[in-house]
Amino acid sequence: MCQYNVTAFDGIPNDWHFVHYGARAAQGFGLVIMEATGVTPDGRITLQDLGLWDDSQIAGFERVARFVHQYGAALGVQLGHAGRKGSTWPEQPNPSPGAQPIGEGGYPIVGPTDAPFPGLATPRALTTAEVAALPHVFADAAMRADAAGLDVIEIHAAHGFLLHQFLSPLSNTRTDSYGGDFEGRTRLTREVVAAVRKVWPESKPLFVRLSATEWVDDGWSVDDTVRLASIVKDEGVDLIDVSSGGNLVAPIPVGPGYQVAFAHRVRTEAKIPTSAVGLITAPTQAEQILRTGQADAVMIGRESLRNPGWPEQAAAALGAPHPMAGPYRRGALPRK
């Protein structure tokens, strides 16, 4: 969950990130994934995003990793590029993050073409050579994540950010080798996966986040997602984090667990582990998803912002051992 809280605009985690992510580890979350982190300065959603485009940023991530590991959790990071959804306001003047372009004081943005996301700035279309260079940029960021001691990388190819923009036939109308048919539109994501897996240690998991559907006809579909998941599985991806939407303005039938069926289908048909996301808030709801084989993991996002103690509440409800760090044990809930 993006924090939009890098006050120096340098991409380096500060005290806010240390406390925010460290608290989730101390409260018992097993895997803490740091927010979408820019692989280039112009790949940030906002000026206040984290970044791993420079070696000077490693130490800030390492500080968080040491604390998270101290309390028994693993630490991951989403590596992404915002593409045409970059250079937006984090919180102001609109309360919805990323809702308006920065305008004066912002930075140039890029995309598969010069078609903008509705309401945002017009991007510059990347050249073929620039697209071909992006996998190496992701790989460099992955090496920095490894140097910082992080345990998991999640390549962010969902929610309308750059890799998703290339996947979708509605936002990628290029005529070069990175556009056109399924093979061309998925080429960048496949090359990013290959480049990251080459430098990311085999012992450390690699996730990919995909939007299973764009909720519109003729867009990126669940069939496409299953097909791509099958391909990247053979490239060394360990889990698909299955979400939806974000690349277009479309009505989405939001409700509890509304995306779980997508995770189940990818898991079943592509035969790769998946995580389920989206309005999963109750411990029994999450447990039912796992026990019925709909997904292999559950990601808790907004609920973790509202309720950092969710793991203890889940453990109490399900009769599991206390997950909290010792100093918090006096707040433990009774077991059934």
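Which residues of the largest nonpolar core touch the most other members? In this predicted model, local features need pLDDT of at least 70 and side-chain atom pairs count only at pLDDT 80 or more, while totals for chains, interfaces and linings use all residues. Residues are numbered from 1 along each chain as its sequence is written, and side-chain values use heavy atoms, with hydrogens and water left out.

A nonpolar core is a set of buried Ala, Val, Leu, Ile, Met, Phe, Trp, Tyr and Cys residues joined through side-chain atoms within 4.5 Å. Buried means under 20% relative accessible area, exposed over 50%, and partly exposed in between (1.4 Å probe, protein chains only). The largest core holds 70 residues, and Leu79, Ile153, Ile155, Val196 and Ile240 touch the most other members. Helix α3 (residues 128-147) gives the most to this core, with six residues; helices (H or I, at least four residues) and strands (E, at least two) are DSSP runs, numbered from the N terminus. Another core, of six residues, lies apart from the largest one and includes Val152, Leu239, Val277 and Met299. In soluble globular proteins, nonpolar side chains tend to be buried together.

Contact means heavy atoms within 4.5 Å. When neighbours within four places in sequence are left aside, the contacts of Leu79 include Val39, Phe138, Ile153 and Ile155. Thr274 is found in strand β8 (residues 274-276) and is buried, with a relative accessible area of 0%. A polar atom of the Thr274 side chain lies 3.2 Å from the backbone oxygen of Ala263.

The structure holds 15 salt bridges, each a side-chain nitrogen of Lys or Arg within 4 Å of a carboxyl oxygen of Asp or Glu. One of them joins Lys204 and Asp146 (2.6 Å, N to O). Lys204 lies in the loop between α5 (182-199) and β6 (206-211) and Asp146 in helix α3, so the pair ties together parts that are 58 residues apart in sequence. Lys204 is buried at 16% relative accessibility, whereas Asp146 is partly exposed at 27%.

Arg335 and Glu312 also form a salt bridge through their side chains (2.5 Å, N to O). Arg335 is in the segment after α10 (310-318) and Glu312 in helix α10, 23 residues apart. Glu312 is buried, with a relative accessible area of 2%, while Arg335 counts as partly exposed at 25%. Glu154, Arg209 and Asp241 are linked in a network of salt bridges.

Key: A polar contact is a pair of N or O atoms within 3.5 Å; within protein, one must be able to donate a hydrogen and the other to accept it, and residues adjacent in sequence count only if both atoms are side-chain atoms.
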